Amino acid sequence: MEYIIIIIGAIFVNNIVLNQFLGICPFIGVSKKIPTAIGMSGAVLFVLTLAVIVTWLIQNYVLNPFGIQFLQTIFFILVIASLVQMVEIILKKVSPSLFQALGIFLPLITTNCAVLGVAILTIQKDFNLMEGVVYAMSNAIGFGLALVLFSGIREYLDLMEVPKGMRGVPIALVSAGILALAFMGFANLV
Amino acid sequence: MAKKESSFVNMVLTLFIVTAIAALALGGVYNITKEPIALAKRLKIERAIGEVLPEFDSIIETKVLPKGGRDSLTFYNATNQGEEVGTAIRTYTDEGFSGRFWIMVGFVDGDVISGTSVLEHKETPGLGDKMDKKKADWSDQFKNVNLTEFKLKVTKDGGDVDAITAATISSRAFCDATQRAYDELKKQEK
Amino acid sequence: MNQITNFTKGFIKDNPVFVLLLGLCPTLGVTTTAINGIGMGLATTFVLVMSNLVVSLIKNAVPDKVRIPAFIVIIASFVTIVELTMQAFTPALFEALGLFIPLIVVNCIVLGRAEAFASKNNVGSSIIDGLGMGLGFAFALGLLGAVREILGSGAILGFKFIEGDGMLVFVLAPGAFIVLGYLIAIMNKFKKA
């Protein structure tokens with residue numbers, strides 16, 4: 001039952017992009033077409049879940065026991081950067097087709113604040129490993145949901161008559177705002 | 001500009017040196033800031049207690065985990081010149097509109113609330129956040145209330161608490177947190 | 001380019017937020033008040049200047065393949081220094097900015113400038129570039145924060161000038177997106193003029 005609350009909370013109520021403001025750069029940069037959006041979301045799901053597992057282990061077996069919590073930022077970002085490198089290498093060997101599909105997105109995920117953000121949040125919320133994994137996957141799904149919805153809107157916007165000054169990013173942002181407004185309707189679900 | 005070649009030795013050496021210097025620098029800054037950070041944290045707690053209890057000059061802190069509770073409450077027994085002043089309790093509720101929030105409740109003479117103060121919350125601005133003294137006087141109704149007579153529920157639920165207009169959930173949650181503190185206080189007295 | 005252009009480009013022409021569209025996460029996340037925006041901008045400026053300085057100093061000693069990890073360690077160290085310092089000496093601002101302080105390390109502006117500028121230019125220029133970009137960032141955040149604070153809370157820099165609440169949507173998530181969208185549109189007009 002607890003898990004349902006985590007899942008619904010992360011996907012709808014506290015949507016990582018529309019409510020917590022994490023992952024905005026790829027949100028604006030990669031959301032022009034729906035297939036790219038799906039590709040990015042897949043990559044994020046993969047990396048985020050792995051990252052949360054590893055960072056959780058590091059927090060509980062290295063940082064806490066040695067009292068070096070202040071090194072959390074450094075450890076976490078190095079883990080994430082290395083993880084992304086490793087995933088790239090492994091993917092290239094194991095599944096070249098998947099690598100082709102996700103390829104360009106992987107390096108971008110290192111600087112995706114969503115990954116570092118969720119890793120830190122998992123620790124702050126005091127989840128155990130299983131809850132952390134569920135939380136990570138739910139956030140990635142929420143990210144994907146927001147991204148796909150948004151790219152759908154943007155594909156539509158491209159066909160519309162937009163005032164010259166607002167074309168491109170400005171109107172996209174205002175639409176994102178309205179999308180965020182819609183998501184606020186989920187506020188009392190959990 | 002000639003760059004160093006990427007031989008294995010060079011790479012390892014460079015990373016090692018960079019990391020070593022970083023670690024030293026951080027260790028140093030950590031040591032310098034350790035005291036001020038602890039002091040800042042202590043001051044924050046003392047200020048919060050000061051908002052809910054009459055004048056005091058010393059505090060004894062204990063943590064209490066309620067039965068079946070998800071997190072512990074912190075008890076602050078305050079004395080002034082050796083005389084007991086009252087107990088401030090850092091308590092929480094999970095029933096908030098936006099999840100868990102923490103409040104500080106001060107008890108004097110065993111059953112009387114001397115004051116309340118909201119510590120951290122994510123309730124809706126303009127609605128639930130009216131439980132914060134900085135936003136509205138709503139929480140004043142809890143002052144000097146004797147819990148042996150006062151029913152800690154909103155009027156809708158048959159109690160004596162005036163709920164915030166359009167923010168019944170936050171109001172209920174506030175009562176829940178206060179009740180939790182009071183229940184544990186009574187348990188400790190036995 | 002001369003140093004004056006180097007410094008001022010961060011404010012309008014190459015403003016990290018309004019033009020380059022970098023560092024948007026903290027831009028939307030902390031700008032509920034002008035002070036929070038400016039505070040975050042200054043913290044980021046510190047990291048930007050220091051990391052640009054160090055990266056520029058050691059650019060010739062770092063083998064190409066370990067460039068990025070080395071830069072990350074350097075940037076993360078300065079971010080941690082900022083974290084600890086703010087926690088010790090500006091606890092209120094530290095709590096207001098919350099999660100976004102450690103997130104400075106993945107602020108695309110910082111790694112971006114290290115990679116694009118500091119690793120290819122001398123120390124002096126790199127410092128000025130960091131300062132210009134950082135202050136431009138602070139300016140953008142301060143502006144966004146001010147608009148949201150005025151419209152959403154009826155206050156500026158903490159001083160309320162109306163009774164009660166403003167148009168609350170502006171201090172919530174949707175407002176952040178919408179105001180930023182309009183600000184970028186206005187900035188675009190400004191640049192062209």
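Predicted model: local features only at pLDDT ≥ 70, side-chain atom pairs only at ≥ 80, totals over all residues.
Q: How many helices and strands does chain B have?
A: Residues are numbered from 1 along each chain as its sequence is written, while chains are lettered from A and ligands numbered from 1 in the order in which they are written. Helices (H or I, at least four residues) and strands (E, at least two) are DSSP runs, numbered from the N terminus. Follow the sequence of chain B and you get α-β-β-β-β-β-β-α, with two helices and six strands.

Q: What is the radius of gyration of chain B?
A: The C-alpha trace of chain B spans about 80 × 45 × 30 Å along its principal axes. The radius of gyration is taken over C-alpha atoms, and the globule rule is 2.2 Å times the number of residues to the power 0.38. For 190 residues that rule gives 16 Å, and chain B is well over this, so it is more spread out than a compact globule, with a radius of gyration of 23 Å.

Q: Is Gly117(A) buried or exposed?
A: You'll find Gly117(A) in helix α7 of chain A. A residue is buried if 20 or more other C-beta atoms (placed from the backbone) lie within 10 Å of its own, exposed if 12 or fewer, and partly exposed in between. Gly117(A) has 24 C-beta neighbours inside 10 Å, so it counts as buried.

Q: Which residues does Gly117(A) contact, leaving aside its neighbours within four places in sequence?
A: Two residues are in contact if their C-beta atoms, placed from the backbone, lie within 7 Å. With the sequence neighbours set aside, Gly117(A) is in contact with one residue of chain A and with residues of chain C: Leu22(A), Leu99(C) and Leu103(C).

Q: Which helix supplies the largest share of the side of chain A that touches chain C?
A: This contact takes 33 residues from chain A and 33 residues from chain C. On the chain A side, α2 (24-29), α4 (72-94), α7 (113-124) and α9 (169-183) each supply at least two residues. The largest share is 10 residues, and it comes from α9(A).

Q: How many residues on the side of chain A that touches chain C are nonpolar?
A: Ala, Val, Leu, Ile, Met, Phe, Trp, Tyr, Cys and Pro count as nonpolar, Asp, Glu, Lys and Arg as charged, and the others, Gly among them, as polar. On this side of chain A there are six polar residues, no charged ones, and a nonpolar count of 27.

Q: At what angle do α3(C) and α4(C) pack?
A: Axes are lines fitted to C-alpha atoms, for helices over the stretch in contact, and angles run from 0 to 180 degrees between N-to-C directions. Residues including Phe46(C) and Met50(C) in α3(C) meet residues including Phe71(C) and Ile75(C) in α4(C). The axes are 9 Å apart, and the angle is about 145 degrees.

Q: Which element of chain C has the highest mean pLDDT?
A: Chain C as a whole has a mean pLDDT of 87, and 99% of its residues reach 70 or more. Strand β2 (residues 159-160) has the lowest mean among the elements of chain C, 79, while the highest, 92, belongs to α3(C).

How values were computed: pLDDT = per-residue confidence, 0-100.
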